[in-house]
Every structure is written in structure tokens, then in C-alpha cells.
Amino acid sequence: MRLAQVAQRAVDLDRAAAFYTALLEVEPVARFDPPGLLFFDLDGIRLLLDRNAPSSLIYLHVANVHETLERLDGVARIVSHPHVIFRHDDDRLGPEGHDEWQAFIEDSEGNTVGLIAFQRP
């Protein structure tokens with residue numbers, strides 16, 4: 001079994017499309033309006049932006065949390081600045097010997113989105 005899709009609330013699809021295109025650096029793959037659905041492909045997992053979905057806390061893996069925030073300057077509000085959560089002593093939850101950096105932003109629809117990067121100390 002594998003994760004197929006994650007839904008996130010998006011009241012304004014045009015605004016959400018612009019925000020997530022800037023964040024993900026890819027264009028949406030499909031839009032159905034009505035009923036108000038917008039899809040992005042995240043390496044085989046669908047991110048569905050849906051007018052009727054509840055808000056979810058999603059975490060996105062990025063190459064570098066700091067660089068991602070710099071790229072989104074003026075586009076996303078920072079909820080929590082980059083910080084190290086912990087160092088991975090084994091590979092159960094991330095690459096062994098790497099620090100896990102996290103930051104949180106607010107998307108165009110008021111949802112919180114987590115950003116995660118694994119970096120060697």
C-alpha cells in the first residue's frame with residue numbers, strides 16, 4: 001500500500017494555483033471547475049486542492065529550507081523559521097547522520113505547510 005493523494009482546502013483556485021506553482025516549481029496537471037478541484041503531481045502522489053476539503057497539515061520535502069524560504073519571500077508568510085528538529089542517528093525516519101531542518105509557512109488559503117530538509121551538520 002502507498003499514499004496516493006493528499007487533499008488541502010483551497011477557497012480560491014486561481015490564487016492557490018499561483019501559490020503552489022511558486023512553491024512546488026511545477027504547473028498543475030489538472031483542473032476541474034466545477035466542482036473546484038486542482039491537482040499537482042508530487043512524484044506520483046497527487047496533491048488535490050479542493051474547495052470542500054478540510055485544512056490539512058502537509059509536510060513537503062525540499063532540498064534546502066532556507067533557500068526555499070528565500071525563493072518564496074513575499075509569496076508566503078513564515079509561521080516558524082528554519083530550525084533543526086533532531087539528528088538522525090539511524091535511517092528509520094531520515095538519512096543517517098543528517099540533521100532534519102523544518103520551517104512552516106502559510107499558504108495563500110490560510111493553511112500551514114511544513115517544509116523539511118535533511119542536511120549534514
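This is a predicted model: local features need pLDDT of at least 70, side-chain atom pairs count only at pLDDT 80 or more; totals for chains, interfaces and linings use all residues.
User: What makes Arg-31 and Asp-14 a salt bridge?

Analyst: The closest N and O atoms of Arg-31 and Asp-14 are 2.8 Å apart. The cut-off is within 4 Å, between a side-chain nitrogen of Lys or Arg and a carboxyl oxygen of Asp or Glu, so the pair qualifies. By this rule the count comes to 8 salt bridges.

User: Where in the chain do the two partners, Arg-31 and Asp-14, lie?

Analyst: Arg-31 belongs to strand E2 (residues 30–32) and Asp-14 to helix H1 (residues 13–24). They are 17 residues apart, and the pair links distant parts of the chain.

User: Why is Arg-31 called partly exposed, and why is Asp-14 called exposed?

Analyst: Arg-31 has a relative accessibility of 36%. Asp-14 has a relative accessible area of 53%, and because exposed means over 50%, Asp-14 is classed as exposed.

User: How do you know that Arg-71 and Glu-25 form a salt bridge, and which parts does the pair tie together?

Analyst: The N to O distance for Arg-71 and Glu-25 is 3.5 Å, and the limit is within 4 Å, so the pair meets the criterion. Arg-71 lies in helix H2 (residues 65–71) and Glu-25 in the loop between H1 and E2, so the pair joins parts that are 46 residues apart in sequence. Arg-71 is partly exposed at 34% relative accessible area, whereas Glu-25 is exposed at 57%.

User: What makes Asp-33 a partner of Arg-31, and which residues are joined into one network?

Analyst: The closest N and O atoms of Asp-33 and Arg-31 are 3.4 Å apart; the cut-off is within 4 Å, so this is a salt bridge. Asp-33 is partly exposed, with 38% relative accessibility. Through salt bridges that share partners, Asp-14, Arg-31, Asp-33 and Arg-51 form one network.

User: Why is Asp-50 said to have no salt bridge?

Analyst: Asp-50, in strand E4 (residues 45–50), is buried, and Arg-9, the nearest side chain of opposite charge, is 7.2 Å away. A salt bridge requires a distance within 4 Å, so Asp-50 has none.

User: Which residues is Asp-50 in contact with, leaving aside neighbours within four places in sequence?

Analyst: Asp-50 is in contact with Gln-8, Arg-9, Ala-10, Gly-36 and Leu-37.

Technical notes:
Residues are numbered from 1 along each chain as its sequence is written. Side-chain values use heavy atoms; hydrogens and water are left out. Helices (H or I, at least four residues) and strands (E, at least two) are DSSP runs, numbered from the N terminus. Buried means under 20% relative accessible area, exposed over 50%, partly exposed in between (1.4 Å probe, protein chains only). Lys and Arg count as positive and Asp and Glu as negative; His and the chain ends are not counted. Contact means heavy atoms within 4.5 Å.
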